[in-house]
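Here is a short note for someone opening this entry for the first time. Please keep the sequence and the 3D view side by side while reading.

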Amino acid sequence: MPHDARDWSPFALCPAGAPTPAPRSVSTPEGVGDRLRAAAFAELQAREAFLMAADAYPDAPQALRDAWRGLAAAEDKHLGWLLGRMAALGVDPAARPVSLRLWDGLAACRSAEEFEVLIAKAEERGRLAGERFRVSMRAVDPESAEVFGRIADEEVAHVALARRFYPERAAQEALP
């Protein structure tokens with residue numbers, strides 16, 4: 001599905017093919033805001049991708065489709081936490097552009113297995129980043145650090161879905 005058919009507000013998108021601005025230092029309020037913005041947009045893309053996948057892949061077992069719908073709700077909850085923290089800090093989601101690279105990759109998947117493995121890899125990257133931010137932001141912004149930590153804790157179950165439905169492929173891809 002083309003990304004222009006989706007509502008990506010309140011975020012501003014990078015022009016296609018353009019790089020996103022580099023995040024500023026995590027030890028500054030602006031850098032914390034950059035990470036909150038990037039994570040929130042990743043959660044929005046994941047929510048939309050799970051909803052799309054639940055309807056798009058005829059090869060997906062019903063239990064996987066149901067799990068994807070549940071994960072969409074979890075991603076929406078995470079998005080709410082991040083947007084709430086951004087609002088508390090006065091961080092404008094549209095102040096710096098974000099990339100649709102994650103959505104574009106997920107929307108291009110041709111099978112349920114390909115989608116599940118790709119999104120599990122993205123969820124694992126997000127989990128690892130959340131763990132890093134839980135530690136690196138603690139001194140600058142303990143509340144944002146806690147939000148990242150709670151999200152990282154929940155991502156473990158998201159990554160496990162690939163092992164449940166596609167164990168051989170998950171092992172090939174070295175998913176935890």
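Predicted model: local features only at pLDDT ≥ 70, side-chain atom pairs only at ≥ 80, totals over all residues.

1. **Overall make-up.** The chain has 6 helices and 0 strands. Read from the N terminus, the order of elements is α-α-α-α-α-α. The radius of gyration is 16 Å, close to the 16 Å that the globule rule gives for 176 residues, so the chain is as compact as a globular protein of that length.

2. **Dimensions and packing.** Along the principal axes, the C-alpha atoms fill a box of roughly 45 × 35 × 25 Å. Of the 176 residues, 47% count as buried. Take the contacts between residues at least 6 apart in sequence: 75% of them join residues at least 24 apart.

3. **Helix α1.** This helix covers residues 29–56. Is α1 largely enclosed or largely open? Buried means under 20% relative accessible area. By that cut-off 21 of its 28 residues are buried, so α1 is largely enclosed by the rest of the structure. Its length also checks out. At 1.5 Å a residue, the 28 residues should span 40 Å, and the end C-alpha atoms of α1 are 40 Å apart, which agrees.

4. **Largest pocket.** This pocket holds about 1,000 Å³ of space. It is lined by 34 residues, and those closest to its centre are Arg35, Ala38, Ala39, Ala42 and Gln45. Which helix gives the largest share of the lining? The answer is α1, with 10 residues. At least two lining residues come from each of α1, α2 (62–89), α3 (101–107), α4 (112–136) and α5 (142–165). By class, the lining has 18 nonpolar, 5 polar and 11 charged residues.

5. **Second largest pocket.** Here the volume is about 180 Å³. The lining consists of 13 residues, with Pro15, Ala16, Gly17, Leu100 and Asp104 the closest to the centre. The split by class is 7 nonpolar, 4 polar and 2 charged.

6. **A cis peptide bond.** Look at the bond from serine 9 to proline 10. It is cis, with omega near 15°. Proline 10 sits in the segment before α1.

7. **Alanine 174.** The phi angle of alanine 174 is near 60°, a positive value in a residue other than glycine. Where is alanine 174 found? It belongs to the segment after α6 (167–172). Is alanine 174 buried or exposed? Exposed means over 50% relative accessible area. Alanine 174 has 62% relative accessibility, so it counts as exposed.

8. **Alanine 152.** This residue lies in helix α5. Its relative accessible area is 1%, so alanine 152 is buried. Which residues does it touch, leaving aside neighbours within four places in sequence? Alanine 152 is in contact with Arg127, Gly130, Glu131 and Arg134. Glutamate 123 is 29 residues away from alanine 152 along the chain, and their C-alpha atoms are separated by 8.9 Å.

Terms used:
Residues numbered from 1 in each chain as written. Heavy atoms only, no water. 1 Å grid on protein atoms, 1.4 Å probe; cavity = no way out; pocket = protein on both sides within 12 Å on 5 of 7 lines; lining within 4 Å. Points joined across faces, edges and corners; volume = space filled by probe spheres on them. Helix = DSSP H or I, 4+ residues; strand = E, 2+ residues; numbered from the N terminus. Nonpolar A, V, L, I, M, F, W, Y, C, P; charged D, E, K, R; others polar. Expected span 1.5 Å × (residues − 1). Buried < 20%, exposed > 50% of the residue type's maximum accessible area, 1.4 Å probe, protein only. Rg over C-alpha atoms; globule rule 2.2 N^0.38 Å. Contact = heavy atoms within 4.5 Å.
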